[in-house]
Amino acid sequence: MANGGPVEHGFPHLETVREAVTALYRRLSYDTVRTFSASVAPADVAFCDTDDLYLGTQRVAHELVRHYRLPDARMIVSFREMTHAANVELTAGPEYFIELNDRFRTHRRDIGAALAHEVMHVYLHRLDLSFPGTRDNEILTDTATTYLGAGWLLLDAYRQDAASSQKLGYLTPEEFGYVLAKRALAFGEDPSVWFTSPQAYTAYGKGMRRARQDEQQPPLTAAGWAGRRRYARERRHAQDAPAAGRAADFPYRFAPQERGPLRVSFPCPTCHQRIRVPVRGRVRARCGLCRTVLECDT
């Protein structure tokens, strides 16, 4: 939790975020991911200053348990002084003990954001889905929280002015915006209508621009003129000197076959699983993981 300190910006964890989205689709399946088409509603996690602290916290935790479809899980929430925003004890269940930073006693509007991340830890624990290392595993948790409909709370908890700053989670604000944009493009949802933080709007806009770039990379037909020209140059090189094994710093890769046409592989703009298609002009490809249909000019 960045509390008054510097806030990291940009997209330093983007590759891990993309791997997390792919892992979600692989572990949950397309059909299960689609059951999270509706995000957590603001009214369900709203917290007024007049609400009883403990009863209100338990109510919000229950709503997040319901959203993640963990009906047999019970969250026991307490508060204490700590460095991090929150912590959860992962056990066999059905009871899970969550500790929240004492700061949330007076910053109650962000309790939902902190709980969204911690309850997701329980969800991933039950799925037996994790990444090696604390850093990558926390990025997975933030990404899953956001892509499955509760992470807009984490981005909305980002606030900054001349005197103070606050940010929850391990992703940068722009990375939260990126995952929210990915979700918005996949589900046709606009989370920006729920933001109360001006900084969240800005970060979401930057994330959306980065997410749109994923849809405009060759060999997709939506690629711009410069990208198409660069792609054609790399394709000629691969066709003329297939044994050279040249590796360009681009998302797509050409792979010669012993028999048959040259093939190109590229990441799906929705789930980032790599797709391989033959190099033969206009091709319509369907991602086997997220079922996105892609128009390509190979």
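Here is a chat about some aromatic rings and one glutamate in a predicted model.

Reader: How many aromatic pairs are there in the structure?

Author: The structure holds 13 aromatic pairs. One of them is formed by Y54 and F79.

Reader: What makes Y54 and F79 a pair, and why is the pair called edge-to-face?

Author: Their centres are 5.7 Å apart, and ring centres need to lie within 6.5 Å, so the two rings pair.

Reader: Where in the chain do Y54 and F79 sit?

Author: Y54 is in helix α3 (residues 53–67), while F79 is in strand β2 (residues 74–80). They are 25 residues apart, and the pair links distant parts of the chain.

Reader: Why does Y54 count as partly exposed?

Author: Y54 has 40% relative accessibility. Buried means under 20% and exposed means over 50%, so a value in between is partly exposed. F79 has a relative accessible area of 10%, so F79 is buried.

Reader: Why are F250 and Y252 called stacked?

Author: Their planes are 25° apart, and planes under 30 degrees apart count as stacked, so the name follows. Centre to centre, F250 and Y252 are 5.5 Å apart, which is within the 6.5 Å needed for a pair.

Reader: How do you know whether F250 and Y252 are buried or exposed?

Author: Check each against the 20% cut-off. F250 has a relative accessible area of 19%, so F250 is buried. Y252 is buried too, with a value of 2%.

Reader: Which residues form one aromatic cluster?

Author: Y231, F250, Y252 and F254 form it.

Reader: What makes you say that R230 lies over the face of F250?

Author: R230 is at 4.2 Å from the ring centre of F250. The limit is 6 Å, and the charge must also be within 35 degrees of the ring normal. R230 is listed as lying over the face of F250. R69 lies over the face of F36 as well, at 4.5 Å from the ring centre.

Reader: Now the glutamate: is E138 buried or exposed?

Author: E138 lies in helix α5 (residues 134–147). Its relative accessibility is 14%, so E138 counts as buried.

Reader: What does E138 touch, not counting residues up to four places away in sequence?

Author: E138 touches H117, H121 and Y170.

Terms used:
Residues are numbered from 1 along each chain as its sequence is written. This is a predicted model: local features need pLDDT of at least 70, side-chain atom pairs count only at pLDDT 80 or more; totals for chains, interfaces and linings use all residues. Side-chain values use heavy atoms; hydrogens and water are left out. Rings of Phe, Tyr and Trp (its six-membered ring) pair if their centres lie within 6.5 Å; planes under 30 degrees apart count as stacked, over 60 as edge-to-face and the rest as tilted. Helices (H or I, at least four residues) and strands (E, at least two) are DSSP runs, numbered from the N terminus. Buried means under 20% relative accessible area, exposed over 50%, partly exposed in between (1.4 Å probe, protein chains only). Contact means heavy atoms within 4.5 Å.
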